[in-house]
Amino acid sequence: MNQFRRFYLWRRNKRKYPRLFYPKIINNKIQLPVLEQSTSDVKANFDICVLIPCFNNREGLVKSLDSIRYDVGKLCVVVVDDGSQSPVKEEDLFLFFDFEFPIHIIRIEQNAGITKALNAGLQWIEENVAVQYIARLDCGDLCHQDRFYKQASFLAQNPDVGLLGTWCTFRNPVNGFSYSYTTPTAHEAILSAMHFRNVFIHPTVMFRSEIIEITGRYSLDYPFVEDYALFFNILNKSKGAVLDEFLVACELNPKGISVSNRKQQLIGRKRVVSEFGSNPVKKLLANCKLLILRYIPYGLVLSLKNK
């Protein structure tokens with residue numbers, strides 16, 4: 001993208017965010033539009049803020065950003081660079097695509113882990129922008145073009161729902177292995193199923209921003225299952241729902257956190273069920289299931305999911 005195109009993007013966005021966008025000239029080059037911290041008590045207003053943690057995956061980040069579709073001026077993105085060896089920079093992102101939404105990058109100098117990275121993003125959102133909904137996405141995962149429209153519409157029509165997910169597909173980009181992840185869609189069925197698995201796949205969720213004021217942010221007490229704990233906690237204080245449409249394609253990474261820390265994750269899941277589960281019988285059955293899973297190879301679990 002040439003400098004004139006960058007300047008056009010800045011001028012277009014400046015009309016929508018006059019306080020948040022301003023030009024900088026560095027080495028005779030125009031700085032790209034970036035969502036900066038507000039300097040007044042008036043916050044920028046958006047429908048949705050998408051929170052994306054990133055660690056050494058700029059290529060995946062760009063792909064995920066390019067899949068985001070929503071009304072111009074009503075969505076922003078916060079990227080938390082969790083100590084990547086090559087820091088994520090705005091100019092690098094805009095070299096690939098002309099993103100039509102403001103992006104703010106939070107840089108953590110040393111890798112702090114996903115829980116602290118997500119909490120840093122939530123804190124920045126709370127302090128700097130006014131949004132109705134916060135959505136999640138991970139680097140490499142792709143959104144259907146209607147995802148944010150459908151989730152925002154559902155939440156607007158169902159004010160009693162605080163947490164909303166979607167069905168999704170998992171795919172290994174290396175060998176093409178894939179499977180579909182479907183779940184219950186209504187609150188009571190979801191709450192029951194949560195005793196046995198995390199119904200909400202993290203990159204599919206959207207939740208009301210004010211719900212975090214009630215539940216608090218992601219807890220450091222549940223490593224590797226921080227999302228499971230937060231979502232179960234939300235369901236105990238608000239209703240949940242899942243759209244029965246495949247609106248997110250998740251990248252299946254054999255070296256990802258869920259795989260490389262599977263035993264610790266299973267232990268964490270047991271703690272989450274014990275803490276947030278409400279049905280004694282289901283809690284007992286869930287613990288039995290988790291005990292069995294500890295002795296089943298992960299490859300076998302994946303093959304069963306595929307079938």
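**Notebook: a look around the predicted model**

I started with L243, which lies in strand β11 (residues 239–251). I took strands (E, at least two residues) and helices (H or I, at least four) as DSSP runs, numbered from the N terminus. Before going on, I noted that this is a predicted model, where local features need pLDDT of at least 70, side-chain atom pairs count only at pLDDT 80 or more, and totals for chains, interfaces and linings use all residues. Residues are numbered from 1 along each chain as its sequence is written, and side-chain values use heavy atoms, with hydrogens and water left out.

**L243**

Is L243 buried or exposed? I found L243 buried, because its relative accessibility is 10%. My cut-offs are under 20% relative accessible area for buried, over 50% for exposed, and partly exposed in between (1.4 Å probe, protein chains only). I then listed its contacts (heavy atoms within 4.5 Å). Leaving aside neighbours within four places in sequence, L243 touches K150, Q151, F154, L164, G165, T166 and W167. I also checked L164 by C-alpha: L164 and L243 sit 79 residues apart in sequence and 7.4 Å apart in space.

**Helix α2**

Next I went to helix α2, residues 58–66, and found G60, L61, V62, S64 and L65 as its buried residues. What do they pack against? I noted β3 (44–54), β4 (75–82), α3 (90–94), β5 (103–108) and β7 (142–143).

**Positive phi**

I looked up two residues here. N56, in the loop between β3 and α2, has a positive phi near 55 degrees and is not a glycine. Its relative accessibility is 39%, so I logged N56 as partly exposed. F224, also not a glycine, has a positive phi of about 75 degrees. I placed F224 in the loop between α7 (211–215) and α8 (226–235), and it is partly exposed at 30% relative accessible area.

**Cysteines**

How many disulfides are there? My search of the whole structure gave zero, taking a disulfide as a pair of cysteine sulfur atoms within 2.5 Å. C168 is in no disulfide, and its nearest cysteine sulfur, that of C250, is 4.1 Å away. I logged both residues as buried: C168 has a relative accessible area of 0%, and C250 has 4%.
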